[in-house]
Every structure is written in structure tokens, then in C-alpha cells.
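Here are my notes on this model, written as numbered points. Keep the structure open while you read.

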Amino acid sequence: SFPVFFVILSIGFGIGTGATALIANALGSSDKKMARLYAIQSVTFTIILSMVLMVVGLLTAPFLFRILGASDTYLSISLSYINVILYGIMFFTLTYVLNSILTAQGDTKSFRNVLIIGFFLNLILDPWFIYGGYGLPAMGLAGVALATILIQLFSTLFMGMRVIRSQLIYRDCWNMLYPRRLIFWDIAKQGFPASLNTMSIALGIFIITWFLSKYGQPAVAAYGIATRVDQISLLPIMGLTTDTLTLVGQNNGAALYHRCREVYRKALLYGILITTVSMLIVFFFPHSIMIIFTDDIAVVDIGAFYLRISAFIYWAYIILFVAVAALQGLKRPFFAIWIGLYRQIIAPAIVFYVLFNQLGMGVVGIWWGIFLVVWSAAIFTLFYVRVTMNTVFLNYDAVSIEKPIEKRDGWRTKTVPYSR
């Protein structure tokens with residue numbers, strides 16, 4: 001279910017990313033009316049898109065699961081989970097978009113709080129719905145999906161209340177919910193590249209799983225567990241990308257381009273420092289980490305070998321995530337599509353084929369193929385961002401301009417230096 005589920009998350013993440021970039025730029029340029037319009041229209045856009053995605057998902061899930069090897073009872077169990085998720089897809093996407101509205105204003109704590117609460121609700125609802133009791137029948141895997149949907153519903157309501165309190169959306173502006181074609185286009189233009197980039201990760205997992213399936217379930221299971229370990233290790237980077245997108249967007253809207261550079265560089269530095277700790281832990285204790293999730297020795301050995309290689313890819317992920325976020329903050333989102341296609345689809349298909357089939361490296365070839373693909377993408381991205389920023393900010397470097405800056409005590413003119 002994970003690739004299908006990941007597509008759902010990518011839609012919400014992409015729209016949210018696009019909304020954050022647009023709202024942050026509008027707020028940076030002191031255009032609160034436009035920021036409010038983007039915020040409200042992003043909610044409308046999300047609701048419409050979620051309904052379309054639900055229908056498409058329900059129709060295509062059986063076909064996708066069969067490609068991944070599910071059949072008979074296995075297929076029925078998988079569908080019992082994903083169908084419930086698809087019916088509640090709107091709550092996933094709305095939570096992301098409502099969070100993006102708050103993030104653009106600098107509020108990242110609300111989403112943190114809702115995730116913490118959701119974690120504890122999962123501890124209660126998951127076993128209750130799976131095994132039943134206290135008046136509920138045992139629902140098995142479908143119970144996990146139902147618990148997830150209920151928690152997402154709570155998240156949507158909680159985040160909605162926080163957005164209303166932020167006053168960017170208020171109770172008397174619901175007439176602005178009516179779809180506006182040009183605003184929809186702006187949101188789609190900013191959001192869909194991020195969605196496609198994230199969605200390409202699911203396709204990349206699909207490709208890797210297809211190659212690994214030739215070595216049986218232990219290899220697939222090891223990769224599934226190890227990638228969850230990678231995700232946990234890289235969680236701080238998700239926070240840095242959110243910061244980068246918001247701060248670059250606000251400063252870009254305010255034409256404070258030297259600060260856009262500063263945000264980008266510091267985010268890279270902090271990311272490298274933070275992930276070095278998790279990189280060392282993963283490299284030196286991979287078997288201990290794998291044993292937490294499984295006692296299958298074959299799975300543990302395969303996964304531990306992968307983690308030792310993966311640990312040295314963490315810095316490359318930092319470069320990719322922070323750089324893409326900075327470009328999105330500059331309202332240049334399309335690079336995310338091309339680097340996503342290269343990193344997740346084109347390069348893996350070629351590199352894995354050569355290492356796996358032509359050179360006969362087997363599973364080890366896939367692990368080293370991931371290393372080569374990610375680092376090559378990261379190095380190219382570093383050069384691309386540098387050239388892009390030099391080009392975008394060229395007319396503003398080494399000069400001073402008169403720019404109106406809004407302060408608490410009113411408007412005043414400030415001379416803003418721009419320098420490399």
C-alpha cells in the first residue's frame with residue numbers, strides 16, 4: 001500500500017508547498033489581501049482535487065496492487081486498508097494545506113502539536129480497532145485505516161481552528177471560496193511540481209521493489225524497514241525544508257535577496273551538522289536497529305548492509321531537499337520535477353539494470369546504485385542553485401535601493417544593501 005499511500009501524501013504536500021510559497025511571497029511584499037485569497041483558494045482547490053483523486057484511486061488501486069504482486073486474500077486485505085484511506089483522502093490533503101497557511105505566517109508549532117496528539121491517539125485507536133473490544137468488532141487491517149482517517153479528521157478540524165485564529169482566513173470571507181481560475185493556475189503551477197517530485201519517490205520505490213522482488217520477500221522487507229529508518233533519521237531535514245521555503249519566500253517577496261542566500265546556506269550547514277549524528281548511529285549500529293523491527297536474520301543482514309551505505313547518502317539528501325525548498329521559495333518550482341525524474345526514475349532504471357544485470361552485483365548493486373544516483377543528483381543541484389541565485393539576484397547585487405519597509409510604528413523608507 002505504501003506507494004499508493006505516498007501518492008496521496010504527495011498531492012497534499014505539493015499543494016501545501018505551493019500555497020506556502022505564494023502566501024509567504026505575498027506576506028513578504030505586504031499584500032495581505034492576496035495572501036488571504038491564495039489561502040482560501042488553496043482550500044477550495046484541495047477539496048476539488050481530493051474528490052477527483054479519491055475516484056481515481058478507488059478505480060486503479062486493484063490494478064496497481066496486482067502489479068506489485070498482490071493476489072487473492074493478500075489483495076483483498078490490501079484493498080480493505082487502502083479503500084478506507086481513499087475515502088478519507090480529503091482530510092489528509094486539507095491538513096497539509098491548512099498547515100501550509102500557518103507555516104507561511106511562521107507558525108510551525110500547531111502542526112507539531114497535532115502530530116504529537118495524533119501519535120498518542122494512534123497508540124490507543126490502532127489496537128482497539130484492530131482487535132475490537134468495548135463495543136467495537138475486530139476490524140483487522142481496515143481498523144488501522146479507520147483509526148488513521150479519524151485522526152486526520154481531528155487534525156483537519158484542529159488546524160482549521162488555528163488558521164481561523166491566525167486571521168488570514170476569517171469567518172466572513174467564505175464567499176472567496178468560489179473557484180477562481182487564475183488563482184487555481186497559480187497554485188497548480190507552484191504546487192504540482194512539488195507533488196510530482198514527491199510522487200516520483202513512490203515511483204522510485206516501485207522500481208527498487210521490482211528489482212528486489214527477484215530476490216524474494218526478505219530483500220523487499222529489508223528495504224521497507226531500512227527506508228523507514230532513513231525517514232526517521234532525516235526527519236529534522238523536513239523541518240529545515242519548511243523553514244527554508246517559508247523564509248526564502250517571505251524575503252523574496254520583500255526583495256531582501258541577500259537574506260535568501262543566507263537562509264539557504266545556513267539551512268545546509270545546520271542540516272549537515274544535525275544528520276551527522278544520525279549518520280554515525282546508523283553506520284555503526286545497523287544490526288541493532290534492524291533487530292528492533294524484525295527477528296528474521298536474513299532480513300536483518302540485508303537491511304544492515306543497506307543502512308551502512310545509506311548513512312553516507314544523508315548529506316546528499318540534505319542538499320536536495322534544502323535546495324528544492326529554496327527554489328520553491330523563489331517561485332521556481334519546476335526544477336523539482338526534472339531532478340525528481342532523474343533521481344527516482346531515469347537514472348535508477350539505467351544504473352540498476354547495469355549493476356544488477358550486466359555486472360551481476362545483485363542486491364548489493366541496487367544499494368550502491370542508490371548511492372550513485374542520489375549523490376550525482378545532489379552535486380548537480382548544488383551547481384544549479386548557485387547559478388540560479390546568481391542569475392536571479394544579479395541586478396540586485398552590490399547595489400542599494402530605496403524600499404518601503406513596514407514596521408510596527410508605521411511605514412518608513414530604508415536603504416537595503418544587496419551584496420554577495
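1. The protein has 15 helices and 2 strands. Keep in mind that this is a predicted model.

2. How much of the protein is buried? Of its 420 residues, 50% count as buried. Now take the contacts between residues at least 6 apart in sequence. Of these, 76% join residues at least 24 apart.

3. Look at one helix pair. Two packed helices are described by the angle between their axes and the distance between the axes. Helix H5 covers residues 109–131, and helix H6 covers residues 141–166. They pack at an angle of about 155°, and their axes are 9 Å apart. Angles over 145 degrees count as roughly antiparallel, so H5 and H6 are roughly antiparallel to each other. The crossing of H5 past H6 is right-handed.

4. Which residues make this contact? On H5 they include Phe111, Val114, Ile117, Leu121 and Leu125. On H6 they include Val144, Leu146, Leu150, Phe154 and Phe158. Two glycines, Gly118 of H5 and Gly143 of H6, are also among them. Asp126 of H5 and Arg162 of H6 take part as well. By class, the contact of H5 with H6 divides into 15 nonpolar, 5 polar and 2 charged residues.

5. A second pair is helix H8 (residues 217–233) with helix H11 (residues 286–293). The packing angle is about 110°, and the axes are 10 Å apart. Angles from 65 to 115 degrees count as roughly perpendicular, so H8 is roughly perpendicular to H11.

6. What meets what in this pair? From H8 come Ala222, Ile225, Ala226 and Val229. From H11 come Ile289, Met290 and Phe293. The contact of H8 with H11 has 7 nonpolar residues, no polar ones and no charged ones.

7. Gly12 sits in helix H1, which spans residues 2–28. Is Gly12 buried or exposed? Its relative accessible area is 0%, so Gly12 is buried. Leaving aside neighbours within four places in sequence, Gly12 is in contact with Thr93, Tyr96 and Val97. The C-alpha atoms of Gly12 and Met90 are separated by 8.8 Å, while the two residues are 78 residues apart along the chain.

8. Check the backbone too. Most residues other than glycine have a negative phi. Ser30 is not a glycine, yet its phi is positive, at about 65°. Where is Ser30? It lies in the loop between H1 and helix H2 (32–67). Its relative accessibility is 36%, so Ser30 counts as partly exposed.

9. Ala255 also has a positive phi, about 60°, although it is not a glycine. Ala255 is placed in the loop between helix H9 (235–253) and helix H10 (257–284). Is Ala255 buried or exposed? The cut-off for buried is under 20% relative accessible area. Ala255 has 12%, so it is buried.

Methods. Residues are numbered from 1 along each chain as its sequence is written. This is a predicted model: local features need pLDDT of at least 70, side-chain atom pairs count only at pLDDT 80 or more; totals for chains, interfaces and linings use all residues. Side-chain values use heavy atoms; hydrogens and water are left out. Axes are lines fitted to C-alpha atoms, for helices over the stretch in contact, and angles run from 0 to 180 degrees between N-to-C directions. Helices (H or I, at least four residues) and strands (E, at least two) are DSSP runs, numbered from the N terminus. Angles under 35 degrees count as roughly parallel, over 145 as roughly antiparallel, 65 to 115 as roughly perpendicular and the rest as oblique. A crossing is left-handed if the near helix is turned anticlockwise from the far one by less than a right angle, and right-handed if clockwise. Contact means heavy atoms within 4.5 Å. Ala, Val, Leu, Ile, Met, Phe, Trp, Tyr, Cys and Pro count as nonpolar, Asp, Glu, Lys and Arg as charged, and the others, Gly among them, as polar. Buried means under 20% relative accessible area, exposed over 50%, partly exposed in between (1.4 Å probe, protein chains only).
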